[in-house]
Each structure stands twice: as structure tokens, then as C-alpha cells.
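This report goes through selected geometric features of one protein model. The sequence and structure come first.

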Amino acid sequence: MDLGISGKRALVCASSKGLGLGCARALAAAGVDLVMNARGAEALEAAAEAIRGAHGVSVTTVACDVTSEAGQAQVIEAAQGVDILVTNAGGPPPGLWSDWDRDDFIRALDANMLTPIAFMKALLPGMIDKGWGRVVNITSQSVRAPIPALGLSNAARTGLTGYVAGTSRQVAPFGVTINNLLPGIHATDRANALDGPVAEQKGISLDAARAERAATIPARRYGTPEEFGAACAFLCSQHAGFIVGQNLLLDGGGTNLTM
């Protein structure tokens, strides 16, 4: 399917690896020029060079911490005029409700709620002026069904979801859509970070811990960054203009919901 976005330009956050990289690759395959961001310069440059070689698109890299004001300013300057925004940030660490204090919540809100909002506030006006734009926020299945050990993520990402619910309907008349992608477990470093403590606690191998978790997913496997990226690229396409303010689960059926 021709996504109809060749020649457009996208900012993809946290895109040196994992789900962000999957999204960047899928957009590049559709002919989209990229601004890629991540904290680690070496991994970011390697990912960008591979995308340039594979797809022949223009790729600008900005290595910085986007939870800081200085980092946000760097990325926003590089991304002025983009047609597509994909926000993404690693989730806060797991724990118990009694583990977290105010500073922990502020860090989670900065990374998983306030930073995406800052990018939307900065870049939506340009999309509105052009009469076309796409925003996809990578959040989590936990906004539909909270995960007890991920209380920080539950809180921050649900806050972002509430913001998007209202804002998406305010910008839709201008040809701009905002939607959220809600990943379940995918084969990324984040999955390793969650499976590692389980393996240690149970005294089993990491592979055994993965197999146990995969058995709880109806699809009986982890998702891949490639299929996640394909879903992101579709939401960014010309075909998705009537999808507004939605939360799309990509979890292999793991979240047990009727609707």
C-alpha cells in the first residue's frame, strides 16, 4: 500500500533502538525524511546511517536528553516544519507503591507526559498552518489496564492520554490527527529490563522468564519493532485522516478487554 507520505518530514523521538527505531525505519521506507533523537550519540548515528543507506532519505540526528529544557530546544529547532511527530520515551522503573516519592513521579511525568506535550505545543502550529499533520504518541497498554509494578508509568502515560483526548479534537478540523499507540511486550531492551528481575527472583534464565511471559499472551510471542513500526506508519499516512484521538493496542491480545 502506498502510504502517500513520501517527501514528508518526521521527528521520531528515542529512535536509536527499540520501538522508536522500528517507527523510524517504517517511515523511511515510505519515503519520509527524518529527524531522529536519542541520548546516545553513537547508537543514534549508527541507526541513522543504516536508514540513509537502506532508504535514501535525509536523516538529521540530535543527540540529547529531551526531558531537559535545553534538549527540547535543540530538537524543536531541528524539527521545525515537520509534518509528522512520533513521541517516545523509555518507561520509568518498576517497583512497589511504597517505593516512590514526589521526585520519582516528577521524573516520570517529565519523561512520559510533559515532554510529549511540549513537542506537540511547539510543532502543532506548523502542521495547522499547512492543513496537514500527524502525531503518534507511543504510550503503553497500561493506560487501558494498569500494571501494578508500573505505577509511575501508569500515572504519567494516563495523564498524556487525557491530554491527547481533548487536544486531538481541537486540532482535527485543521487536518491534523493525534493518536496513541499502546505497546504490550515487544522484543526490545525494555522487555529485557522487565524480564531480568523476574528471572533473578525466580532463579531461572532470562530465556525461561521470556517463555513464561510469552505464554500469557494469546499470540504466544513478543511483538516485533517491525510490526509496531508498520502500525505507526499507517497512522501517519494519508489513509488515517479520519482516525482521531484513538488508543490502538498492539499487545498480541494480552490486555483482556471487550472494547
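## Basis

The model is predicted; local features need pLDDT of at least 70, side-chain atom pairs count only at pLDDT 80 or more, and totals for chains, interfaces and linings use all residues. Residues are numbered from 1 along each chain as its sequence is written, and side-chain values use heavy atoms, with hydrogens and water left out.

Helices (H or I, at least four residues) and strands (E, at least two) are DSSP runs numbered from the N terminus.

## Packing of helix 6 and helix 7

Two packed helices are described by the angle between their axes and the distance between the axes. For helix 6 and helix 7 (residues 206-215), the angle is about 110° and the axes are 8 Å apart. Helix 6 is therefore roughly perpendicular to helix 7. Angles of 65 to 115 degrees count as roughly perpendicular, under 35 as roughly parallel, over 145 as roughly antiparallel and the rest as oblique. The axes are lines fitted to C-alpha atoms, for helices over the stretch in contact, and the angles run from 0 to 180 degrees between N-to-C directions.

Helix 6 contributes Asn192, Leu194, Asp195, Gly196, Val198, Ala199 and Lys202 to the contact, and helix 7 contributes Leu206, Ala209, Arg210, Glu212 and Arg213. Contact here means heavy atoms within 4.5 Å. By class, this contact of helix 6 with helix 7 has 5 nonpolar, 2 polar and 5 charged residues. Ala, Val, Leu, Ile, Met, Phe, Trp, Tyr, Cys and Pro count as nonpolar, Asp, Glu, Lys and Arg as charged, and the others, Gly among them, as polar.

Pro197 also lies in helix 6 (residues 189-202). Its relative accessibility is 44%, so Pro197 counts as partly exposed (buried is under 20% relative accessible area, exposed over 50%, partly exposed in between, with a 1.4 Å probe and protein chains only). Pro197 and Arg213 are 16 residues apart along the chain, and their C-alpha atoms are separated by 13 Å.

## Cavity

How many cavities of 30 Å³ or more does a search of the whole structure find? The search finds 1. A cavity is a set of points on a 1 Å grid over the protein atoms alone where a 1.4 Å probe fits but cannot get out, and lining residues have an atom within 4 Å of a point. Grid points are joined across faces, edges and corners, and a volume is the space filled by probe spheres set on the points.

The largest cavity has a volume of about 80 Å³. It is lined by 14 residues, of which Thr87, Asn88, Ala89, Ala111 and Pro116 are the closest to its centre. Helix 4 (102-130) and helix 5 (151-171) each supply at least two lining residues, and helix 4 gives the most, with 5 residues. The lining divides into 8 nonpolar, 5 polar and 1 charged.

## Positive phi in loops

Ala14 is not a glycine, yet has a positive phi of about 50°. Ala14 is in the loop between strand 1 (9-12) and helix 1 (18-29) and, at 26% relative accessibility, is partly exposed.

Arg220 likewise has a positive phi, near 60°. This residue is in the loop between helix 7 and helix 8 and is exposed, at 54% relative accessibility.

## Exposed glutamates

Glu226 belongs to helix 8 (residues 225-235) and is exposed, with a relative accessible area of 52%. Glu226 and Leu19 are 207 residues apart along the chain, with their C-alpha atoms separated by 8.0 Å.

Glu77, in helix 3 (residues 69-79), is exposed at 65%. Between Glu77 and Leu123, 46 residues apart in sequence, the C-alpha to C-alpha distance is 10.0 Å.

Conventions:
On a 1 Å grid over the protein atoms alone, a cavity is a set of points where a 1.4 Å probe fits but cannot get out, and a pocket is an open set with protein on both sides within 12 Å along at least five of seven lines; lining residues have an atom within 4 Å of a point.
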